[in-house]
Amino acid sequence: MNNTTLLNTFRFIVLVFFQVTVFNNIHFFGFVTPYPYILFILLYPLNTNRHLFLILSFVLGLILDIFNNSGGVHTTACITLAFVRENLLKMAFGYSYEFHMMHITDKFSSELVTYVITSVLIHHTVLISLEVFNFSFILEILLRIVTSAAFTILLIFLIIGLIKSPRK
């Protein structure tokens, strides 16, 4: 196993552990729940097998569905995010996104902010819409999407700041 595989395995285990033990128990105002586990999908290397990436995203969502007893909403949201990630990278970084992806945690940039915000909004829209699954509660759905996304984005940038490689 190489360094990248070990790093991704460690990232997967740590993010799932903290999501299940800590973040699933945070419910600000009764409806704001952060989901920073999607950082695994956002930071997964591009130069790997796409099928393996989709399978790992499925497993990530499935594990969270098992712990949350949520009936597949995390799995659907993770697969959706994993499927559109390449297009989001092209939108945020342009067609040279492979180069930028190698250095995504080196510095905060407008491209990184765009990538994280759109990814989190897509994930949360799918997740919360399927979780509530009743459009008579559209205001509650929108409120939960916006507030949970804002808290998740804040946590993701804090985590990226903590794992950022030191300047040389």
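**Before starting**

This is a predicted model, in which local features need pLDDT of at least 70 and side-chain atom pairs count only at pLDDT 80 or more, while totals for chains, interfaces and linings use all residues. Residues are numbered from 1 along each chain as its sequence is written, and side-chain values use heavy atoms, with hydrogens and water left out.

**Stop 1: the whole chain**

Show the protein chain as a cartoon: it has seven helices and zero strands. Helices here are DSSP runs of H or I with at least four residues, strands are runs of E with at least two, and numbering starts from the N terminus. Read from that end, the order of elements is α-α-α-α-α-α-α.

The accessible surface comes to about 9,300 Å², and 70% of it belongs to carbon and sulfur atoms; the areas come from the Shrake-Rupley method with a 1.4 Å probe, and for residues only the protein chains shown count as cover. The chain has 168 residues, of which 40% count as buried. Buried means under 20% relative accessible area, exposed means over 50%, and partly exposed lies in between (1.4 Å probe, protein chains only).

Contacts, meaning heavy atoms within 4.5 Å, can be sorted by distance along the sequence. Among those in the chain between residues at least 6 apart in sequence, 67% join residues at least 24 apart.

**Stop 2: α1 and α3**

Select residues 3-21, which form helix α1, and residues 50-68, which form α3. The two pack at an angle of about 25 degrees, with their axes 10 Å apart. Axes are lines fitted to C-alpha atoms, for helices over the stretch in contact, and angles run from 0 to 180 degrees between N-to-C directions. That angle makes α1 roughly parallel to α3; angles under 35 degrees count as roughly parallel, over 145 as roughly antiparallel, 65 to 115 as roughly perpendicular and the rest as oblique.

α1 passes α3 in a right-handed crossing. A crossing is right-handed if the near helix is turned clockwise from the far one by less than a right angle, and left-handed if anticlockwise. Show side chains for F12, V16, Q19 and V20 of α1, which meet L56, V59, L60, I63, L64 and F67 of α3. By class, this contact has nine nonpolar residues, one polar and no charged. Ala, Val, Leu, Ile, Met, Phe, Trp, Tyr, Cys and Pro count as nonpolar, Asp, Glu, Lys and Arg as charged, and the others, Gly among them, as polar.

**Stop 3**

Move on to N69, in the loop between α3 and α4. N69 has a positive phi of about 50 degrees although it is not a glycine. Most residues other than glycine have a negative phi. Is N69 buried or exposed? N69 is exposed, with a relative accessible area of 72%.

Next select H74, in helix α4 (residues 73-93). H74 is buried, with a relative accessible area of 2%. Leaving out residues up to four places away in sequence, H74 touches Y35, Y37, G61, L64, D65, N68 and L127.

**Stop 3**

I122 is partly exposed, at 27% relative accessible area. Its C-alpha atom is separated by 6.9 Å from that of L81, 41 residues away along the chain. Apart from neighbours within four places in sequence, I122 is in contact with T80, V84 and L88. V126, also in α6, touches T76, A77 and T80, again not counting residues up to four places away.

**Stop 3: α6 and α7**

α6 passes α7 in a right-handed crossing, and the contact has 14 nonpolar, five polar and two charged residues.

In the loop between these helices, select F133. F133 has a positive phi of about 50 degrees and is not a glycine; at 65% relative accessibility, F133 counts as exposed.
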